[in-house]
Amino acid sequence: MDFAFFAEIVPKLLAGLPLTLELAGTSILLGGILALTLALAQRLRQPWIDWPIRGFVALFRGTPLLVQIFLIYYGLGQFRLTLQELGLWGLFREPYWCAILALTLNTTAYGSEILRGAMQSVPIGQIEAAQAFGMTRLMTLRRIVLPIALRQALPSYGNEIILMVKGTSLASIVTLMEVTGIAQGIISQTYRAVEVFVCAGAIYLILNFIITRTLGRLEHNLSRHLRPASGFATSPT
Amino acid sequence: MKLLPIACLAAALSIGAALSASAEDAPKKITIATEGAYAPWNFTTADGKPDGMEVELARNLCERMKVECTIITQDWDGLIPALTVGKFDVIMASMFITDKRLEVIDFTQPYAIDPSGFAVAKDSPLGALAGSSEKIKLEDEAPAKAAIDKIKPLIAGKVVGVQAATSNLEFLKKYFDGSVEIREYKTTEQHDLDLAAGRVDALFAQQTALAATLAKPEFSGYTVAGPGFVGGVFGRGTGAGLRKQDTALKAMLNKAIDEAIADGTVKKLSLKWLKTDVTPPK
Amino acid sequence: MLDSLGLLGFGDGGWAEALLSAALVTLLLSIAGFMVGSVIGALAASARVSGSRPLGLLADAYSTVFRGVPDLLTIYLLYFGGSMALTAVGHWFGAEGFVGLPAFATGTTAIGIISGAYQAEVFRGAYIAIDRGQIEAARAYGMPPALMLRRVIAPQLMRHAIPGLGNGWQLVLKDSALISVIGLVELMRQAQIGAGSTREPFLFYTAAAALYLAIASTTGLLFKRAERRALRGFRRV
């Protein structure tokens, strides 16, 4: 293992980082919004809303992301004419949007389950208290249920974010040159698979470490009221 | 701690299992890897078996060498790294003998010469050029440059699909970088699907593989266009790849290929699978 | 589209047998990988609760690395790097030439190592959840450690671990699709072969998705039953 080789490939690999971040960021953001929408919709307890959502969630949680990407990219590519009529071909034509779509739908399915569970875990007493104060349902949701649920969901959602960052490595399969795609390109030039994959792996590891730390700090700040005030913790001198 | 002995046991077991496999100078048993996704050279049938021109040729060569052969499939971009770490002994996957590959592995003599070219829609500017059996040698710089300069304006701005880690990609990067958008695929089957879907405007691949693809009804609007390119980044034709230290195996394979070319086996298989003769000239 | 459904039939030119036997490979690969993961996970978890600092750090590093690096990269690394390492060890013991593992064994190991990092967290969490008083009581009775493990710790550990293990199993099942990249003909690869050679990607990836879903939901029910069994005699809270 020579250092010069690592020094040469690291900048090349890092050139794929913006795309990796873009894919992860866009799908986590869009997926987060959709997941929250689905989780809220399920609170309405309407069977005609519930069943399609449950089907969607089961489908995307029960199949590998790899299959989903292939199905959306190559599978739907067969229906070009139909998609053109619907005006959607512009979207499905681009590997970038297909990857975003697959990643977003996948994280929506997992995220909606996390948020649904978190909302269910909000103590009923808190909701009753809010209603006793005369809060409307919407206001209870906004002021009581959501803040408690989101804080509750943060650790699990953090795991989901890490899974998404890792999931972007599959985008190379639909011709996108993110970190893993570039790694494979370098290997085809140098044939040094182990060194290149170690470097690429390290980039993801550091990225995920930063995300874990940031989310840990956020969680820490959000649960400040649950800990004793810092003044009490100082040791007596 | 009780963990340590368990770990030692596990390590010992795996080494024990591993020790049973080892290679000798003149091998009796070899494993040949092909891609299994590059019809008609090599592909996988519905029951999961590799088949195609190279698979049949590989079996024929093994018979001549009197060795027991196992033919396996491996993703294209992992073939050379996997060969060097000893996953198998020989690559027969329509791989061109290029200088760059020769830095890492060795090759037998070529068993085929097959030019690479473009496939585009018949009604596109490049499609109007129609296919020609003309072969352009990239070493002959003046005619090669003339041919490339003729194609360039006809395909400018188009999206071209090409398989990753191939000499075809090298060629596009070297001669067409900036004038077309290059999109890299793991397999040629995948760029075929994207040509059918209309995500790419053209393909660049070996002409025999393109011809087989375009024979399918959904590609009736497409044609192989322009001349075929050989030499230069395409190297010295298609050969069987092997590790540099396996010199005995190389000698055996070279002798078998000599015989297969001499008695017309290569020509026969070539005509059967590729509908054209790709036997390298003497 | 409909006329191509015949491709999924049995007999000549039909891919049903190939897909079903590939699904069986997926199932066996997942089971083997999950079991290897359980062993590694249990070892890593016991290293972390052992109180030994170096062992704890080692286990910690293992689980951080394999949860932070994309599974695809881990699989590639073990595929290429594993052979190099085995060959080196083999030479050390006097073997000549190359030492390799068949694709199924490599896949099992890769899944086992990835899943072990996840299962270590599950086992550790379950161990921590055991009431300390129970262990102290067993000690006070003079129970030898082996008996205590069998009668007190293991049964309770399993009860707490089963839901987490159920999730881990689902992850393994989906991860097994990535083993397709190292050439093992499991369900994903078989679908790719079919899609490539018939040019019917939608049909084949849909079939693959349906088979994954079938395996995921059937085995999911088994885990639910195991969970109910482990929880019998306990009040649901």
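**Exercise 1. How many salt bridges does the rule find across the interface of domain 1 of chain B and domain 2 of chain B?**

Across this interface the rule finds two salt bridges, where a salt bridge is a side-chain nitrogen of Lys or Arg within 4 Å of a carboxyl oxygen of Asp or Glu. B:Glu170 forms a salt bridge with B:Lys100, with 3.5 Å between the closest N and O atoms. The elements that give two or more residues to the side of domain 1 of chain B that touches domain 2 of chain B are β2 (37-38), β6 (90-96) and α4 (99-102) of chain B, helices (H or I, at least four residues) and strands (E, at least two) being DSSP runs numbered from the N terminus.

This is a predicted model, in which local features need pLDDT of at least 70 and side-chain atom pairs count only at pLDDT 80 or more, whereas totals for chains, interfaces and linings use all residues. Residues are numbered from 1 along each chain as its sequence is written, chains are lettered from A and ligands numbered from 1 in the order in which they are written, and side-chain values use heavy atoms, with hydrogens and water left out.

**Exercise 2. Describe the two domains of chain B and the area buried between them.**

Begin with the bounds, which come from an automatic or database domain assignment: domain 1 covers 25-113 + 237-274, and domain 2 covers 116-234. Their centres, taken over C-alpha atoms, are separated by 25 Å. The contact (heavy atoms within 4.5 Å) takes 17 residues from domain 1 of chain B and 19 residues from domain 2 of chain B.

Next, take the buried area, which is the accessible area (1.4 Å probe) that two parts lose on being put together, summed over both. For the two domains of chain B this is about 1400 Å², 47% of it on carbon and sulfur atoms. On the side of domain 1, B:Tyr38, B:Trp76 and B:Phe96 lose the most area to domain 2 of chain B, together 36% of what that side buries.

**Exercise 3. Which elements of chain B each supply at least two residues of the side that touches chain C?**

Start with the extent of the interface: 34 residues of chain B and 35 residues of chain C take part in the contact, and about 2800 Å² is buried between these chains, of which carbon and sulfur atoms give 61%.

Then turn to the salt bridges, of which there are three between chain B and chain C; the side chains of B:Asp192 and C:Arg199 meet in a salt bridge at 3.4 Å, N to O. The elements asked for are α1 (3-19), α3 (79-84) and α7 (188-197) of chain B, and α1(B) gives the most, with five residues.
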